[in-house]
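Colleague: I would like to learn how to read a model residue by residue. Can we work through one together?

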Amino acid sequence: MANNNNDLPIRSYQKQFAQLIQTVYGVQGVFAPTFGQLQALDGVQDNATAFSLKTNDVPVVVGEYSTDANVAFGTGTANSSRFGEMKEIKYADVDVPYDFTWSIHEGLDRFTVNNDLNAAVADRLNLQAQAKTRLFNSKEGQFLADSATDIGLDATDVNKLFETAVEKYTDLEVVVPIRAYVTAAVYNAIIDLANVTSGKGSAVDIDSNGMVSFRGIALTKVPSQYMAEQAVIFTPDNIGRAFTGISTARTIESTAFDGQELQGAGKAGQFISDDNKKAIFKAVALKA
């Protein structure tokens, strides 16, 4: 690697950090059921676009087959079709941008670190991956809250709230599993309901003695700091993507102290299509 560092070594950790941050996100990413595996790229260039995808805005329509004598035959020969009106399908290119940046800048002095330098670097990269995952949690929670439609109820009556959610998803004909991200207060309110039984559409994990679903909706208990002031966020599973690009993750020998500087920088973001955002709902906190 070309550098201007008085011929002192630079060690790159881009690929290792990409793998590490994916692993940590898989364990600690509270919104991973919605966004799937973190898409982590090492060595990204300095640009604003994370990736591109193709979309189209033509809804699927169910038509009727015509058997009229003058459709495709008779007077309709060559200017009509028994399959009905033909819609042209076109896909548009959509660039997905990065939404925010992150950085690392730490120093490890051989005189004061009190540990093997390589071991200390490994520890710091692990802790940085955890810190970045917490940052992603906050950003994803805010993104879901901003994308969601207010369901029209607060979380005072969780039974009614979940009944309303079931009705909305039934009418939307959502065919993938639905999840409710809930604060601890809402989770406890569900547990305390006198009618929480298997006969009421709830399920309990006997090993952990915890609720796993209510009225057929999977439950994920989330720390309130990640919920963007919402008590409940309803969303189908696996409808979005979270991503980060790692521009730099390296150690560089310092000239200001006897040791190494740990540096890192990257960009990140998340994406859900406008169509899928129609299936995201939110409810504000429990009223006193």
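Colleague: Does Gln230 count as buried or exposed?

Modeller: Keep in mind that this is a predicted model. Burial is read from relative accessibility, and buried means under 20%. Gln230 has 11% relative accessibility, so Gln230 counts as buried.

Colleague: Where is the place of Gln230, and which residues does Gln230 touch?

Modeller: Gln230 belongs to strand 11 (residues 230–236). Leaving out residues up to four places away in sequence, Gln230 touches Ala145, Thr183, Lys282, Ala283 and Val284. Gln142 and Gln230 are 88 residues apart along the chain, yet 9.3 Å separates their C-alpha atoms.

Colleague: What share of contacts in the chain join residues at least 24 apart?

Modeller: Count contacts between residues at least 6 apart in sequence; 78% of them join residues at least 24 apart. The chain comes to 6 helices and 14 strands. Of its 288 residues, 40% count as buried.

Colleague: Now the rings. How many aromatic pairs does the structure hold?

Modeller: There are 9 aromatic pairs. Read the centres, then the planes. Phe31 and Tyr181 have ring centres 4.8 Å apart and planes at 70 degrees, so this pair is edge-to-face. Phe31 is in the loop between helix 1 (14–28) and helix 2 (32–35), while Tyr181 is in strand 7 (residues 178–182), so the pair ties together parts that are 150 residues apart in sequence. Phe31 and Tyr181 are both buried.

Colleague: Which residues form one aromatic cluster?

Modeller: Phe162, Phe214 and Phe234 do.

Colleague: Which ring does the charged end of Lys139 sit over?

Modeller: Look for the charge above the ring face. The charged end of Lys139 sits over Phe100, 5.0 Å from the ring centre. Another case is Lys221, which lies over the face of Tyr187 at 4.5 Å from the ring centre.

Notes:
Residues are numbered from 1 along each chain as its sequence is written. This is a predicted model: local features need pLDDT of at least 70, side-chain atom pairs count only at pLDDT 80 or more; totals for chains, interfaces and linings use all residues. Side-chain values use heavy atoms; hydrogens and water are left out. Rings of Phe, Tyr and Trp (its six-membered ring) pair if their centres lie within 6.5 Å; planes under 30 degrees apart count as stacked, over 60 as edge-to-face and the rest as tilted. Helices (H or I, at least four residues) and strands (E, at least two) are DSSP runs, numbered from the N terminus. Buried means under 20% relative accessible area, exposed over 50%, partly exposed in between (1.4 Å probe, protein chains only). A charge sits over a ring if NZ of Lys or CZ of Arg is within 6 Å of the ring centre and within 35 degrees of the ring normal. Contact means heavy atoms within 4.5 Å.
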